[in-house]
Amino acid sequence: MALLQHPGYEEEKLQRVAEQLPCREVQAGTLLALMGQPQQYSYPSIFIYGHRASGKSHVMNVLLKELELPHATVSCVECVSVALLFEQVLLSFFGCDAASLLPRSPSLSDFVRIYREQCSQSPARQTRYIVMEKAEILRDTDANLLPALLRLQELVEDNVTVILLSEIVWDTFRPNTGCFEPLLLNFPDYSKGELQQILSQDRHPSYSAEFYSSYINILLGVFYSVCRDLRELRHLAALNFSKFCEPLADGKVKETDTHKLWRNIEPHLKKAMQTVYLREVSSLQWEQIQQMEEKEAGVLRGLSAHTHVELPYYSKFLLIAAYLASYNPARTDKRFFLKHHGKIRKTNFLKKNEKTSNHLLGPKPFPLDRLLAIFYSVVDSRVAPTASIFSQISSLVTLQLLTQVSHDDQLDTPKYKCAVSLDFICAISRTVSFDIMKYLYDFL
Amino acid sequence: MSGLEVRLIGDGDVLEHIVDKQEGVQSSRGSVQKMVTFKSPARRRVREDADHDGDENGDFDEQNYVQALGADDTEEDEEGMSRVSGSSIFTFQKVRRGHSMAQTANELARTPGKSVTFSATPYVEPSTPTRTGRNHRGESRTPQRSKKVQFVSTTPHRLRKRMTTPSLRSDSDSELSPSDSGEEEDEDGMEEEQKIKEDKENLKTPRTPSKGLSAALYKTPAKKNKNTPEPLNQPSMVEEYFEAHGSSKVLTSDRTLERLHIPKLDRETLVQLLEGKPSSYSKEIQQLHSKHQKHFSKWMLQLQLGFSVLVYGLGSKKALLEDFRVSYLSQEMHLVVNGFFPSITLKSILNALTCEILEHQGSFRTPSDQIQFISQTFKNSPDLHVYLIIHNIDGPMLRGEKTQSALGQLASLPNLHLVASLDHINAPLVWDQFKQSQFNWLWWECVTFQHYAEETSYENSLLVQQTGALALSSLTHVLRSLTPNARGIFKLLVNFQLENKDNPSYSGLSFHDFYQRCREAFLVNSDLTLRTQLTEFRDHKLIRTRKGADGVEYLIVAVDASTLMDFVENEEGD
């Protein structure tokens, strides 16, 4: 803990900060060095980037809170308009009175003007910090906002530092016309050892630290290959710990018998990876499953199993026709839907090179008349082209089973794509006893 | 048989009618349509003599076609013929072979069995005889013929032939010369008188008993029907589609209208020329009109009951709706919307509703605000009833998703009543189930056969010289066929012009400036590309160039500012 040393701050505060920031001592030290002593002018803007859950916001928050520095933390997701952003900054620096001075739809210059007015009344004795979380959203706002924030110290003539937090590298932020370059700071990923160390911290009070640590070890062994997100791992650890402790509670094994514990939990964790991790089964359901002994995990059908949709008869056929139109090349239509398609030699027909690619490349757009032609040849009975058939097509579009490709003309030559999967269409064609595989070019 | 009969027929009948004409329906309902399919044995004989292997479908349509063509040539037949050609509007004209058309022309000239069709009517002239002797012969041979009747899939072949050799048709037309048929008619005319007698006998023969005329008509087609395989009928159309679209070869011709070297007409002369040609069926059309008028009171009741009336069918429905408006809505508050008008927008409809009818001053920020206000006002005053008449609800500017959902919201208000007409064949695509439930349509088939005079007056025809500035719909139509970059280039110019619209001394954007701007936006990569693009715009009359005082060309969009603003709004909306 000797790493965190800085002349401007008290020793015990730094001590507390260091305790809360395991494995981030280097980054915190750099930041402290950049911030300097409270009354010193800091760099106008610092850009911190790193992967998800690498402790960017946490480090910033802990530093600013524990060292009691004046700061405003703004999440750019919440600020749908710049007015909200300005209001939040003014609110946390100068109180409600300042925030109420903002006009209804404030411009950047309004903000700067009010900030300067307030600033002259209560000049900064310490550096003020504005922390912008999820700063990548700033790119989509007004073009002048990001350059202005980067130069805010200059504009308002106050001791203020803007800290931008993002998962995206700075190069994609840079405006065309250039801007004041911020200081770049990278937060690297946690290594496996670091993850182990951090996760082991929140141990259960009734069990020993070594026991929990061995549990985390097993958990990381299963999940580390697919997931390095600290938050996700922590959530999984909390969810499955009760199952891990079960044999212990039954008295079958001792705490030190790691191998037996591992044998017990390992298949359970594998199942968790397929269900809870993919959010097929909600965490609450997972906990309920664990409590009910008799009910095996996985018996419960997840979200993705509910792909069965009940459709009207003709809509089913329309969807089937759309699928065929989307995944079959138009030149093969004659072969599939014409009784007397003349002499198309099989050898001649099979020399295609796109044989396997149709399902890999995704659906292709098709015009309305092709859909109707396939529809009529697929349906056994005779169907009148009534308004209801047409409105079923547009209803399928509304239900997002089809998508309209170009929004150019809705009536003259509309083009569609089929947006359902092979499994879905197979299930549908089974209900109307239509053998779709026979008609699909890819599975010939 | 005095007037043309039109009945409301069910879906099934329509389908039968569209798909396969030769399928005999034994009921007397479809008599009007079935007239076309009648073929006399005598005619078959001629065909057999000619010994060609055309299929039934083709021949039927050839006959219709020739009848339609020949209506003027053979004066005697005119009344009878005109009827038939009228019904041929229903049928799908199929591809015909040039050679067989000439044969049918011959047949027609001999006028085989036509007289049987109309012998009971006063219109039939004595010059359309039948040869009874041949009649019997033909009848005995029917089973033999049936082998030839079998469906031979020659249609696609012929289709291809037609596409590749457009000259064929003109050839066959020349074979149809009146002199050709005239000779034979003279020949036949010799025997005229006795033929009439035979004719009458023919009517009394047991084969055509004195049932209704229509029943007699059905005799032959019904027989024929046994031979044609039934299940083939529907797929045949589907198959035709696949045959036609089977090959990816696209044949384009360079025979454009330009090659005619005929100056384009302007609209006035076109209207003048068309006025000189009155419709030959004005009486029947009038009858149809008055027949539809009888339903007005029903419409009124249905509107009160919360339905919306949707009028569909062939012909312009504008006069009908106008009639309805005059006779029933003149005392009520109503608003007429011309959907065919190319510059109509949702905003203008809503503004008309709020400003004129609800007498509200002030503006709204969004259309949804405006609809909210309208529905609130209607809710507060339940005695207020407003009738909304929309000619062409499927008009080019109204078919958008947003416009239709806004209209649907209006139509679902209990005291706003909607009457609309529709013409596009794919029009039901506009409404999904939800919108249909909002509109609560009652579909009324109103075939009027009236000219789309007003509806088409705004359309761009190749034959007509364009006058004045471009309308909003044609502007969007032209632009949608362009590449995204070309659209970007045009939008750049439009935006620049809109910025300067209040500046009277604005004389357009100079080419050099425009090029700089386009380069900055990565729309063009060289001077030449932009020039090519501008030529294209000039061809479509989207822009005008003007030489400035300093010899630099200035570019102006030749569309007025309000249309441009609507255009920009629409583009952003999409």
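Two strands count as paired when DSSP finds at least two bridges between them. Keep that in mind as we walk through this predicted model, starting with a sheet in chain B.

Strand 7 of chain B and strand 8 (residues 553-557) of chain B run antiparallel and are joined by five bridges. Across this pairing, B:Lys547 stands opposite B:Glu553, which belongs to strand 8 of chain B. The two strands are part of an open sheet of three strands in chain B, with the order 6-8-7 and antiparallel pairing. Strand 6 (509-510) and strand 7 (543-547) of chain B are the edge strands, each pairing on one side only. In general, strands of a sheet pair through backbone hydrogen bonds, either parallel or antiparallel.

Helices accompany this sheet. Helix 24 (residues 484-499) of chain B packs on the sheet and touches strand 6, strand 7 and strand 8 of chain B. The direction of helix 24 makes about 90° with that of strand 8 of chain B. Helix 26 (residues 527-539) of chain B lies across strand 7 and strand 8 of chain B, and runs at about 115° to strand 7 of chain B.

Now let us turn to chain A. This chain has 444 residues, 48% of which are buried, and contains 20 helices and eight strands. Among contacts in chain A with a separation of 6 or more, 70% come from residues 24 or more positions apart. The accessible surface of chain A is about 22,600 Å², and carbon and sulfur atoms account for 52% of that surface.

After helix 2 of chain A comes A:Gly36, with a positive phi near 70°.

Finally, consider the charged side chains. Side chains of opposite charge can pair when their charged atoms come close. Over all chains, the structure holds 24 salt bridges. One of them links A:Glu266 and A:Lys270, at 2.7 Å from N to O. These two residues are four apart in helix 12 (residues 258-275) of chain A, so about one helical turn separates them. A:Glu266 is buried, at 19% relative accessible area, while A:Lys270 is partly exposed at 40%.

Another salt bridge joins A:Arg231 to A:Asp229, with the closest N and O atoms 4.0 Å apart. Here A:Arg231 is exposed, with a relative accessible area of 52%, whereas A:Asp229 counts as buried at 17%.

In chain B, B:Glu322 forms a salt bridge with B:Arg325, and the closest N and O atoms are 2.7 Å apart. They lie three residues apart in helix 18 (residues 318-328) of chain B, so they are separated by about one helical turn. B:Glu322 is partly exposed at 26% relative accessibility, and B:Arg325 is partly exposed at 22%. Back in chain A, salt bridges that share partners join A:Asp110, A:Arg113 and A:Glu117 into one network.

Key: Residues are numbered from 1 along each chain as its sequence is written. Chains are lettered from A and ligands numbered from 1 in the order in which they are written. This is a predicted model: local features need pLDDT of at least 70, side-chain atom pairs count only at pLDDT 80 or more; totals for chains, interfaces and linings use all residues. Side-chain values use heavy atoms; hydrogens and water are left out. Buried means under 20% relative accessible area, exposed over 50%, partly exposed in between (1.4 Å probe, protein chains only). Contact means heavy atoms within 4.5 Å. Accessible areas come from the Shrake-Rupley method with a 1.4 Å probe; for residues, only the protein chains shown count as cover. A salt bridge is a side-chain nitrogen of Lys or Arg within 4 Å of a carboxyl oxygen of Asp or Glu. Axes are lines fitted to C-alpha atoms, for helices over the stretch in contact, and angles run from 0 to 180 degrees between N-to-C directions.
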